[in-house]
Amino acid sequence: VQLQASGGGLVQAGGSLRLSCSASNRIFSRSVMAWYRQAPGTERELVATITSGGTTNYADSVKGRFTVSRDNAKNMVYLQMNSLKSEDTAVYYCNLEFGLLGFWGQGTLVTVSS
């Protein structure tokens, strides 16, 4: 499984970005997809998840600001990030979980300037 994340960049505080992640494998539609992030000097943390059926879950720090969605027909998962804060600065990774298997994309950098 290959995952390709994109959409990161530099944005001012209060701005928005949309991250995208494409998956190469047909198991995508049956997988749980997740976004994680890792800021310098910190551990990777879970940001949001979305099940194959569309049930979502968010870290408390992003609730009400971030929205995860998926398009199973296109093998795509998205993370809409609004009202960005400097503490959202991190490398964002998409993750695919299928049973006991887990796969990671290469990450995309989001930098929020204050």
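This is a predicted model: local features need pLDDT of at least 70, side-chain atom pairs count only at pLDDT 80 or more; totals for chains, interfaces and linings use all residues.
Biologist: Is Gly8 buried, partly exposed or exposed?

Modeller: Gly8 is found in the loop between β1 (3-6) and β2 (9-12). Its relative accessible area is 33%. Buried requires a value under 20% and exposed a value over 50%, so Gly8 is partly exposed.

Biologist: Which residues does Gly8 contact, leaving aside its neighbours within four places in sequence?

Modeller: The C-alpha atoms of Gly8 and Arg18 are separated by 7.6 Å, and these two residues lie 10 residues apart along the chain. Leaving aside neighbours within four places in sequence, the residues in contact with Gly8 are Leu17, Leu19, Thr108, Leu109 and Val110.

Biologist: Is Thr49 buried or exposed?

Modeller: Thr49 is found in strand β5, which covers residues 45-50. Beyond residues up to four places away in sequence, Thr49 touches Met33, Ala34, Thr55, Thr56, Asn57 and Val68. The relative accessibility of Thr49 is 19%. Because the cut-off for this class is under 20%, Thr49 counts as buried.

Biologist: Which residue in β10 stands opposite Asn95?

Modeller: Strand β9 spans residues 90-98 and strand β10 spans residues 101-104. The two strands pair in the antiparallel sense over 4 bridges. The residue in β10 that stands opposite Asn95 is Trp104.

Biologist: Which residue in the hairpin of β9 and β10 takes a positive phi near 60 degrees?

Modeller: The hairpin of β9 and β10 has 2 residues between the strands. In this hairpin, the residue with a positive phi near 60 degrees is Gly99.

Technical notes:
Residues are numbered from 1 along each chain as its sequence is written. Side-chain values use heavy atoms; hydrogens and water are left out. Buried means under 20% relative accessible area, exposed over 50%, partly exposed in between (1.4 Å probe, protein chains only). Contact means heavy atoms within 4.5 Å. Two strands pair if DSSP finds at least two bridges between them.
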